[in-house]
Amino acid sequence: MPLYEHVYLARQDISPQQVEALTGQFKNVVTSLGGTVGKTEYWGVKSLAYRIKKNRKAHFTLLNIDAPPAAIAELERQQSINEDILRVLTLRVEELEEGPSAQLRKRDDDDRGERRGGPGAPRGDRRPRREEGRAEGDAE
(Lines give C-alpha, C1' and ligand atoms only; values in the text may rest on other atoms or scores of the structure.)
Protein backbone atom coordinates (compact mmCIF):
# COMPACT_ATOMS: atom_id res chain seq x y z
CA MET A 1 0.00 0.00 0.00
CA PRO A 2 1.15 3.58 -0.55
CA LEU A 3 2.69 5.57 2.29
CA TYR A 4 1.53 9.08 3.20
CA GLU A 5 2.52 11.92 5.50
CA HIS A 6 -0.63 13.78 6.50
CA VAL A 7 -0.68 17.08 8.42
CA TYR A 8 -3.82 18.85 9.52
CA LEU A 9 -4.33 22.22 11.20
CA ALA A 10 -7.09 22.62 13.77
CA ARG A 11 -8.54 25.89 15.10
CA GLN A 12 -6.61 27.54 17.93
CA ASP A 13 -9.59 27.90 20.25
CA ILE A 14 -10.18 24.16 20.73
CA SER A 15 -8.33 22.34 23.51
CA PRO A 16 -5.47 19.85 23.02
CA GLN A 17 -7.82 17.12 24.32
CA GLN A 18 -10.26 17.94 21.52
CA VAL A 19 -7.39 17.73 19.02
CA GLU A 20 -6.51 14.27 20.39
CA ALA A 21 -10.17 13.25 19.99
CA LEU A 22 -10.10 14.45 16.37
CA THR A 23 -6.90 12.49 15.78
CA GLY A 24 -8.53 9.35 17.20
CA GLN A 25 -11.55 9.89 14.98
CA PHE A 26 -9.34 10.25 11.89
CA LYS A 27 -7.33 7.13 12.83
CA ASN A 28 -10.59 5.17 13.00
CA VAL A 29 -11.51 6.35 9.49
CA VAL A 30 -8.18 5.12 8.11
CA THR A 31 -8.22 1.77 9.94
CA SER A 32 -11.85 1.06 9.01
CA LEU A 33 -10.89 1.33 5.33
CA GLY A 34 -7.93 -1.08 5.58
CA GLY A 35 -5.07 1.27 6.45
CA THR A 36 -2.78 1.77 9.42
CA VAL A 37 -1.52 4.88 11.18
CA GLY A 38 2.11 4.36 12.13
CA LYS A 39 3.14 7.50 13.96
CA THR A 40 1.16 10.42 15.35
CA GLU A 41 2.84 13.66 16.42
CA TYR A 42 1.16 16.64 18.01
CA TRP A 43 3.33 19.68 17.23
CA GLY A 44 1.40 22.11 19.41
CA VAL A 45 -0.06 25.52 18.68
CA LYS A 46 1.98 27.47 16.13
CA SER A 47 1.59 30.84 14.47
CA LEU A 48 0.38 30.85 10.89
CA ALA A 49 2.08 32.86 8.14
CA TYR A 50 -1.27 34.42 7.27
CA ARG A 51 -4.83 34.28 8.54
CA ILE A 52 -6.85 31.20 7.67
CA LYS A 53 -10.58 31.54 8.32
CA LYS A 54 -9.88 34.41 10.75
CA ASN A 55 -7.34 32.36 12.76
CA ARG A 56 -3.77 33.49 13.40
CA LYS A 57 -2.67 30.27 15.15
CA ALA A 58 -3.50 26.58 14.81
CA HIS A 59 -2.90 23.17 16.37
CA PHE A 60 -0.60 21.14 14.08
CA THR A 61 -0.75 17.32 13.96
CA LEU A 62 1.20 14.85 11.79
CA LEU A 63 0.00 11.34 10.89
CA ASN A 64 2.16 8.74 9.10
CA ILE A 65 -0.30 6.59 7.17
CA ASP A 66 -0.03 3.31 5.25
CA ALA A 67 -3.38 3.04 3.47
CA PRO A 68 -5.11 2.66 0.10
CA PRO A 69 -5.94 5.88 -1.77
CA ALA A 70 -9.66 5.43 -1.03
CA ALA A 71 -8.95 5.70 2.71
CA ILE A 72 -7.05 8.97 2.20
CA ALA A 73 -9.87 10.35 0.05
CA GLU A 74 -12.40 9.54 2.78
CA LEU A 75 -10.13 11.02 5.47
CA GLU A 76 -9.80 14.28 3.55
CA ARG A 77 -13.57 14.33 2.90
CA GLN A 78 -14.28 13.92 6.64
CA GLN A 79 -11.82 16.71 7.44
CA SER A 80 -13.33 19.07 4.88
CA ILE A 81 -16.73 18.64 6.59
CA ASN A 82 -15.34 19.33 10.07
CA GLU A 83 -15.48 23.01 11.05
CA ASP A 84 -12.54 22.69 13.45
CA ILE A 85 -10.10 21.76 10.65
CA LEU A 86 -8.51 24.73 8.87
CA ARG A 87 -6.14 23.07 6.39
CA VAL A 88 -5.01 19.60 5.34
CA LEU A 89 -1.89 18.48 3.48
CA THR A 90 -1.28 14.89 2.39
CA LEU A 91 1.95 13.87 0.67
CA ARG A 92 2.70 10.48 -0.81
CA VAL A 93 6.22 9.42 0.21
CA GLU A 94 8.54 6.57 -0.74
CA GLU A 95 9.24 5.68 2.90
CA LEU A 96 8.06 6.93 6.27
CA GLU A 97 10.54 8.72 8.49
CA GLU A 98 11.58 6.84 11.62
CA GLY A 99 12.01 8.71 14.90
CA PRO A 100 10.90 12.28 15.55
CA SER A 101 10.00 14.51 12.61
CA ALA A 102 11.93 17.62 11.62
CA GLN A 103 9.47 19.80 13.58
CA LEU A 104 10.19 17.96 16.84
CA ARG A 105 13.95 17.84 16.17
CA LYS A 106 13.84 21.61 15.60
CA ARG A 107 12.95 22.14 19.26
CA ASP A 108 16.10 20.26 20.31
CA ASP A 109 18.26 22.23 17.87
CA ASP A 110 17.07 25.54 19.34
CA ASP A 111 19.12 24.81 22.46
CA ARG A 112 22.39 24.81 20.54
CA GLY A 113 23.84 27.88 22.27
CA GLU A 114 25.55 30.89 20.77
CA ARG A 115 25.67 31.20 17.00
CA ARG A 116 28.84 31.53 14.99
CA GLY A 117 29.28 34.93 13.45
CA GLY A 118 27.39 36.79 16.14
CA PRO A 119 28.40 40.18 17.54
CA GLY A 120 32.09 40.38 18.32
CA ALA A 121 33.04 37.62 15.87
CA PRO A 122 35.92 38.37 13.48
CA ARG A 123 34.81 40.00 10.26
CA GLY A 124 37.04 37.93 7.98
CA ASP A 125 38.07 39.30 4.58
CA ARG A 126 35.55 42.14 4.48
CA ARG A 127 36.81 45.59 3.60
CA PRO A 128 36.86 48.06 6.51
CA ARG A 129 33.90 50.37 7.01
CA ARG A 130 33.97 53.83 5.54
CA GLU A 131 34.00 56.53 8.20
CA GLU A 132 30.93 58.75 8.51
CA GLY A 133 31.24 62.18 6.88
CA ARG A 134 34.13 61.28 4.57
CA ALA A 135 33.64 60.58 0.91
CA GLU A 136 35.68 57.82 -0.75
CA GLY A 137 37.76 60.21 -2.85
CA ASP A 138 38.68 62.63 0.01
CA ALA A 139 42.31 62.83 1.00
CA GLU A 140 43.33 62.36 4.60
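This is a predicted model: local features need pLDDT of at least 70, side-chain atom pairs count only at pLDDT 80 or more; totals for chains, interfaces and linings use all residues.
Visitor: How far apart are the end C-alpha atoms of helix α1?
Guide: Helix α1 runs over residues 16-32, which makes 17 residues. At 1.5 Å a residue, the helix should span 24 Å. The model agrees with that expectation, as the end C-alpha atoms are apart by 24 Å.

Visitor: What arc do the buried residues of α1 cover around the axis?
Guide: The buried residues are Val19, Leu22, Thr23, Phe26, Val29 and Val30. An α-helix has 3.6 residues a turn, so residues three or four places apart point the same way.

Visitor: Which exposed residues does the face of α1 turned away from its buried side carry?
Guide: The buried side has a cover that includes β1, β2, β3, α2 and β4. On the face turned away from it, the exposed residues are Gln17, Glu20, Asn28 and Ser32.

Visitor: How are the rings of Tyr8 and Phe26 arranged?
Guide: The ring centres of Tyr8 and Phe26 are 5.2 Å apart. Planes over 60 degrees apart count as edge-to-face. The planes of this pair stand at 85°, so the arrangement is edge-to-face.

Visitor: Which parts does the pair of Tyr8 and Phe26 tie together?
Guide: Both Tyr8 and Phe26 are buried. Tyr8 belongs to one part and Phe26 to another, 18 residues apart in sequence, so the pair ties together strand β1 and helix α1.

Notes: Residues are numbered from 1 along each chain as its sequence is written. Side-chain values use heavy atoms; hydrogens and water are left out. Helices (H or I, at least four residues) and strands (E, at least two) are DSSP runs, numbered from the N terminus. The expected span of a helix is 1.5 Å times one less than its number of residues. Buried means under 20% relative accessible area, exposed over 50%, partly exposed in between (1.4 Å probe, protein chains only). Contact means heavy atoms within 4.5 Å. Rings of Phe, Tyr and Trp (its six-membered ring) pair if their centres lie within 6.5 Å; planes under 30 degrees apart count as stacked, over 60 as edge-to-face and the rest as tilted.
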